[in-house]
Amino acid sequence: MRFRRLFPLPASPQDKGAQAECSEQDHGQPQRQGRVIPGFRNVGRRTGRRSFPVFGKGLDAQVALYAIAVWTIYIVPFLACNPEITLSGLNCDRRFQICFRKILAHLPCDILMHINGTYVRHGDLDIHELFTPVDITDKVRAKLPGVNDNLLRIQAAISGKAEPNIDFSLSCQKCVFWQYCSRNLPKPNVFDLPGTGSAFSYKHKLAIYKDGDIVFSQLRGRPELRERQILSVEGVLDGKTILRKDKIRAFLRTLTYPIYFLDYEGINPPIPPYDGTRPHHQTPFQYSLHWIEREGGELHHAEFLGNPEVSPLRDLAEQLCRDIPKDVCVIVYNDTYEKPATRQLAELFPDLADHLLNICDHIKDLMIPFKNLDYYLPAMMGSYSIKYVLPALYPDDPELNYHNLTDVHKGTEASAAFMHMAGMPMEEREELRKNMLKYCCLDTYAMVKVWQKLIEISEN
Ligand code: SF4
């Protein structure tokens with residue numbers, strides 16, 4: 001939506017004709033028109049042509065927007081990524097292919113627009129600074145001969161009565177249709193094994209699947225499996241558990257009262273929405289905080305939730321400094337978000353930096369005992385994500401069941417809710433805010449319960 005506001009420009013009759021040919025037939029919906037995009041004036045001057053923007057979500061290469069000109073195609077990938085990957089992704093996008101076929105033959109120039117990760121927003125967006133153009137005309141030209149074949153294949157698949165019978169491939173890795181396409185696989189199967197890193201990735205799972213080893217009983221002894229995958233298999237087949245009490249006690253000794261449990265929700269959009277932020281800037285907009293002053297003390301709670309229309313960062317940072325004193329133990333679950341996000345807040349607000357960095361320095365990661373396999377239950381399925389750990393520690397506890405929440409059940413839903421809140425009627429918005437607060441509150445309450453469980457099992 002924000003992209004549309006970048007180009008709110010009147011159209012000429014010439015543009016209208018071009019738009020009708022490309023958008024109504026090929027995109028199925030009318031497109032906005034515009035003039036030469038100011039940031040690309042150098043290209044416009046060279047080619048002397050006019051342009052209009054076309055918007056759409058990309059597929060394989062995470063292409064978020066195509067600004068397609070009558071004479072120049074501007075391609076803006078979601079992430080600053082490799083031009084080769086972007087081009088291979090475009091092969092799979094029907095809308096792009098159709099526009100490609102119709103106009104590419106006449107185009108003198110194609111431009112890949114990288115997002116400039118160092119751009120910092122101050123006031124209105126400066127798209128001259130936000131985007132870095134790269135001329136990829138030769139690479140696009142080289143792909144032209146395959147376009148018609150691609151279109152025929154895509155058209156045949158769309159118009160056929162039966163679903164195409166396609167086996168799993170590397171393309172399925174992050175496909176949004178994965179749940180649907182994998183619905184007939186027995187459970188659990190090789191794709192349920194934990195692991196996304198280079199040591200054991202989707203590629204390894206796919207290779208095992210292609211060998212015909214799919215269910216867990218077929219996976220024993222596979223040489224690709226690492227400790228976590230073997231544990232996952234043995235947990236399901238043999239009910240294997242791990243409990244290293246001395247390690248857990250050692251971890252618990254590093255936590256001192258008062259203990260604060262902190263969790264952020266955040267966004268990191270490619271277009272920086274607020275002053276002082278960069279593309280993909282970690283932008284927390286909400287937090288929940290539980291704390292206990294002393295052993296056996298009461299559990300307290302505080303929370304913050306901003307509004308999307310104005311930057312929530314200053315208010316969040318100020319309240320955080322009021323809610324968390326200096327030099328106290330701050331527990332998070334997986335410190336890879338809270339630590340860098342708090343450091344970025346400190347960079348943004350030098351007057352609060354001392355306090356924010358103090359909070360950062362006292363962060364302890366509750367995930368460690370589970371990541372180190374000091375405590376492992378079969379229901380964790382080889383994972384140390386809190387979404388697996390919590391139900392494994394507290395099975396069938398409705399108070400701790402994320403499925404019992406309304407509207408927001410996970411971080412990505414909280415981020416989407418925040419972004420969509422702006423245009424909502426007040427009543428609906430208030431309801432959503434309540435549900436977002438409940439979700440984030442459960443995140444920190446879950447940490448309290450996990451910490452209490454660690455104390456309980458280490459003492460027994
Ligand atoms: S998950 Fe299904 S739709 Fe997605 S790439 Fe794989 S086969 Fe195609």
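Visitor: At what angle do helix α13 and α15 pack, and how far apart are their axes?

Guide: Helix α13 (residues 313-323) packs on α15 at about 65 degrees, with the axes 10 Å apart. Axes here are lines fitted to C-alpha atoms, for helices over the stretch in contact, and angles run from 0 to 180 degrees between N-to-C directions. Helices (H or I, at least four residues) and strands (E, at least two) are DSSP runs, numbered from the N terminus. This is a predicted model, where local features need pLDDT of at least 70 and side-chain atom pairs count only at pLDDT 80 or more, while totals for chains, interfaces and linings use all residues. Residues are numbered from 1 along each chain as its sequence is written.

Visitor: Which residues of α13 and α15 meet there?

Guide: From α13 you have A317, E318, L320 and C321, and from α15 there are L352, H355, L356 and I359. Contact means that the C-beta atoms, placed from the backbone, lie within 7 Å. By class, this contact has six nonpolar residues, one polar and one charged. Ala, Val, Leu, Ile, Met, Phe, Trp, Tyr, Cys and Pro count as nonpolar, Asp, Glu, Lys and Arg as charged, and the others, Gly among them, as polar.

Visitor: OK, and how do α14 and α15 pack?

Guide: Their angle is about 170 degrees and their axes are 8 Å apart; α15 covers residues 350-361. That makes α14 roughly antiparallel to α15, a label for angles over 145 degrees. K339, T342 and R343 are among the α14 residues at this contact, facing α15 residues including L352 and A353. The contact divides into eight nonpolar, one polar and two charged residues.

Visitor: Switching to the sheet: what's the strand order?

Guide: β9-β8-β7-β10-β11, in an open sheet of five strands with mixed pairing. Strands pair if DSSP finds at least two bridges between them.

Visitor: Which strands does α14 touch?

Guide: Helix α14 (residues 335-348) packs on the sheet and touches β7, β8, β10 and β11.

Visitor: Last one: what surrounds the ligand?

Guide: I166, F168, S171, C172, C175, F177, W178 and C181, each with its C-beta atom, placed from the backbone, within 6 Å of the molecule. That shell has seven nonpolar residues, one polar and no charged ones.

Definitions and conventions. Contact = placed C-beta atoms within 7 Å. Parallel < 35°, antiparallel > 145°, perpendicular 65-115°, else oblique.
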